[in-house]
Amino acid sequence: MTQKFYIKGGTPLKGEVEIGGAKNSVLKLMAAAILAKGATKIYNVPDLTDVEIMLNVIADLGAKTVYDKREKSIVIDATDLTSITAKYELVSKMRASFIILGALMSRCKEAIVALPGGCAIGERRVDFHIKGLEALGAKIKIENGYVHAKANKLTGADICLDIPSVGATENIMLAAILANGATRIQNAAQEPEIVDLANFLNTLGADVSGAGTSEIVINGVKPEQLHAIEYTTIPDRIEAGTYMSAFIATRGKGIIKNVFPAHLTFFTDKLLKMGANIKLLEPNVLEVSCKNRLNSINFVTQPYPGFPTDLQSMAMTLLSTANGVGIITESLYENRFMQVPELRRMGADIHQDRNHAIIKGVKKLTGAGLVASDLRAGASLVVAALMADGVSEIENLHHIDRGYEKFESKLRLLGGKIERRDDAIVSPQNFTEGKQKNESYI
Ligand code: EPU
């Protein structure tokens with residue numbers, strides 16, 4: 001049965017919210033865990049469908065896995081792998097599972113991994129991943145929708161990426177861990193998730209330096225140098241940025257815990273320029289509030305440390321009711337403005353020309369029936385609905401569930417009037433708000 005969010009907007013969000021582990025980090029750590037024999041335990045694992053998919057990919061290779069959702073931990077014991085194949089049924093559900101290619105190449109020197117197909121937000125090719133592995137000595141064939149990579153031995157190489165691709169940097173890092181000699185990745189991605197992966201690998205016994213800069217060096221180590229570990233995932237900067245946006249959009253005030261503010265410097269700077277108040281209360285705690293109408297700004301999405309593309313839609317929601325005209329240029333993906341027609345349905349005044357969006361702030365948005373086209377576009381519509389007048393219904397929640405742990409519960413604890421209902425329930429029921437029940441929301 002399909003589900004929808006029913007959201008009554010207009011309530012300023014207030015209270016405290018705790019950020020979970022970073023989706024885009026933990027998925028890679030899980031893949032990296034298969035490099036070592038023994039039981040590796042990862043903490044601060046968010047409860048997301050993407051995590052379940054990655055667990056299935058890893059379990060399908062023969063690794064033993066235990067997912068303790070209460071403890072927010074996963075144990076992966078890859079002592080005995082029985083397969084080198086990541087099936088299309090699994091990879092097609094989540095592109096990030098393609099990261100298993102580099103991990104399998106390290107561990108088994110052979111991998112058969114389904115090529116991820118098209119993606120709603122852009123072409124998202126994997127050519128840099130393939131070229132990187134070839135540079136390390138892998139022979140690669142693409143047949144029947146699968147990448148079949150094989151090497152007698154992998155040898156360190158100098159690899160310069162055409163663009164600082166996150167996934168390619170990670171796949172090459174993983175493949176190079178047990179290679180002979182040194183691998184140097186130039187124009188490497190610098191995202192915090194890359195640093196987390198490097199820290200994880202080094203704790204495992206690998207020798208990776210330079211992560212977080214544009215040049216990463218991996219000195220190959222011997223398999224017996226790798227060992228099982230315990231490791232805690234970094235907080236999710238995009239989830240944190242989403243709650244920052246939600247407090248600001250609703251003219252609320254809240255405290256965000258378990259955030260690494262340094263991972264959000266560019267985004268925070270733009271929010272401050274728009275007129276939001278952001279205070280660092282403790283090293284990992286932010287207070288975010290906004291009383292007045294925001295001012296418009298312009299920005300271009302860029303690889304880290306630039307403005308994160310994953311928060312572009314969130315910023316567009318904020319600009320939709322800001323004072324003046326804001327221009328967004330999306331430079332990473334060809335099709336990441338899918339929230340635009342939905343925001344227009346709420347009354348936003350947005351003109352889109354290829355990868356530019358010109359947003360003329362209106363006084364207010366009004367609730368509407370909306371469709372989540374992808375994860376971040378979907379989340380930005382939730383924030384838009386929370387600040388709009390009236391009721392919105394959002395469908396295609398499976399996109400949002402990929403990346404936001406307990407989204408509606410967390411928002412309800414902040415006073416957000418949001419409910420998840422089965423689509424079959426057509427007539428609006430009583431709205432339950434936190435512990436208060438029986439408030440009709442229409
Ligand atoms: N690209 C290529 N060829 C390649 C690799 C990338 O042309 O071989 C292009 C892509 O088509 C894209 C650009 O390079 O236009 C950037 O892609 P990148 O490889 O950096 O992204 P990714 O690894 O596929 C990760 C995140 C994305 C996030 C981007 C950029 C994960 C699982 N995904 O994707 O997160 O937008 O980095 O920061 O880590 C999300 O969480 O909603 C999400 C899409």
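**Close-up 1. Helix H10, tucked inside.** Helix H10 covers residues 312-319, and eight of its eight residues are buried, so the rest of the structure largely encloses it. Here, "buried" means under 20% relative accessible area, "exposed" means over 50%, and "partly exposed" is in between (1.4 Å probe, protein chains only). The buried residues of H10 are Gln312, Ser313, Met314, Ala315, Met316, Thr317, Leu318 and Leu319. Helices (H or I, at least four residues) and strands (E, at least two) are DSSP runs, numbered from the N terminus. Keep in mind that this is a predicted model: local features need pLDDT of at least 70, side-chain atom pairs count only at pLDDT 80 or more, and totals for chains, interfaces and linings use all residues. Residues are numbered from 1 along each chain as its sequence is written, and side-chain values use heavy atoms, with hydrogens and water left out.

**Close-up 2. Helix H1, another enclosed helix.** How many of the ten residues of H1 are buried? Nine of them are, so H1 is largely enclosed by the rest of the structure. Among the buried residues of H1 are Lys23, Ser25, Val26 and Lys28.

**Close-up 3. The ligand and its surroundings.** The ligand is surrounded by 23 residues, and the closest are Lys28, Asp127, Ser165, Asp310 and Leu332. A residue counts as near a molecule if one of its heavy atoms lies within 4 Å of it. Lysine 28 has a polar side-chain atom 2.7 Å from an oxygen atom of the ligand. For valine 166, a backbone N or O atom lies 2.8 Å from a ligand oxygen atom. Aspartate 310 places a polar side-chain atom 2.6 Å from an oxygen atom of the ligand. Taken alone, the ligand exposes 830 Å², and the protein buries 87% of that (areas by the Shrake-Rupley method with a 1.4 Å probe). Helices H1 (23-32), H5 (127-135), H6 (166-176) and H12 (375-387) are the elements that give two or more residues to the shell around the ligand.

Close-up 4. The chain is divided into domain 1 (4-20 + 235-430) and domain 2 (23-232), with bounds that come from an automatic or database domain assignment. Their centres, taken over C-alpha atoms, are 31 Å apart. In all, 25 residues of domain 1 are in contact with 21 residues of domain 2, where contact means heavy atoms within 4.5 Å. The shell around the ligand draws at least three residues from each of the two domains.

**Close-up 5. Phenylalanine 260 in a loop.** Phenylalanine 260 sits in the loop between strand S15 (253-257) and helix H9 (265-274). Is phenylalanine 260 buried or partly exposed? It is partly exposed, with a relative accessible area of 30%. Not counting residues up to four places away in sequence, phenylalanine 260 touches Ile234, Pro235 and Asn284.

**Close-up 6. Arginine 421 in a strand.** You'll find arginine 421 in strand S24 (residues 417-422). At 4% relative accessibility, arginine 421 counts as buried. Its side chain makes a polar contact with the side chain of glutamate 419 (2.9 Å). A polar contact is a pair of N or O atoms within 3.5 Å; within protein, one must be able to donate a hydrogen and the other to accept it, and residues adjacent in sequence count only if both atoms are side-chain atoms.
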